[in-house]
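Hi there,

Here is the structure I promised to pass along.

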Amino acid sequence: MSVQAARAAEILMQLSHPARLRAYAELVNQGNNGATLFELSLHLDMPKPDVAELCGRLVGAGLARGTGQGTFRARPDVLREAAQALARVQPIAPLLADYPQLKSYFAHGRLSSLPPTMSERYHQIGELFARFLAVDGILTEAEVNDRLAVVTDDVAAARRMLVETGWLERDRAGTSYGSGRPLPQPA
């Protein structure tokens, strides 16, 4: 795990605590004005000492900053950078860089939607996934599913797309898969 990914994981761990997440969300809602401990304790319906601890942890994680006069402000840019760091370390990221027109179909390195079938983008995602799978020989359906699960939740749709676009061929029983055609050489 890269340093950036570890940092992102730490930030997400800090926000996994429900009260901290609520405090952070309230600070984000307050925008550049920020909020005092008193205001946060009213919004969160929590005692001021508990709110002070939450803010201290958010400041310690870099998610907020204090002014020194008791006002705290969220730093949403830190969360955005953490999300981008996680997206960069996803296994499909290096290949996706060669397909900038497909980025809108991915969220944080995972396929979030498929373009309409028979569209050019559908075929391009097929090529991208064929490169990602790097099929050399015969794979079982479970092996194909395991490889696809790294980048999509709907492995059946992705596998079907690969077969429909000709990048994968399956046997009649539908249990074994092989490369359907050679990949074009990178430009």
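Let me start with Glu53, which pairs with Arg57 in a salt bridge whose closest N and O atoms are 3.4 Å apart. By salt bridge I mean a side-chain nitrogen of Lys or Arg within 4 Å of a carboxyl oxygen of Asp or Glu. Glu53 and Arg57 sit four residues apart in helix H4 (residues 48-60), so about one helical turn separates them. Helices here are DSSP runs of H or I with at least four residues, numbered from the N terminus. Glu53 is partly exposed at 46% relative accessible area, and Arg57 is partly exposed too, at 41%. The cut-offs are under 20% for buried, over 50% for exposed and in between for partly exposed (1.4 Å probe, protein chains only).

A note on the source: this is a predicted model, where local features need pLDDT of at least 70, side-chain atom pairs count only at pLDDT 80 or more, and totals for chains, interfaces and linings use all residues. Residues are numbered from 1 along each chain as its sequence is written, and side-chain values use heavy atoms, leaving out hydrogens and water.

The structure has four salt bridges. Another of them joins Arg131 to Glu127, again with 3.4 Å between the closest N and O atoms. Both residues belong to helix H7 (residues 120-133), four residues or about one turn apart. Arg131 is partly exposed at 21%, whereas Glu127 is buried at 18%.

Then there is Glu141 with Arg159, at 3.5 Å between the closest N and O atoms. This pair links distant parts of the chain, 18 residues apart: Glu141 in helix H8 (residues 141-148) and Arg159 in helix H9 (residues 155-164).

Best wishes

Definitions and conventions: Helix = DSSP H or I, 4+ residues; strand = E, 2+ residues; numbered from the N terminus.
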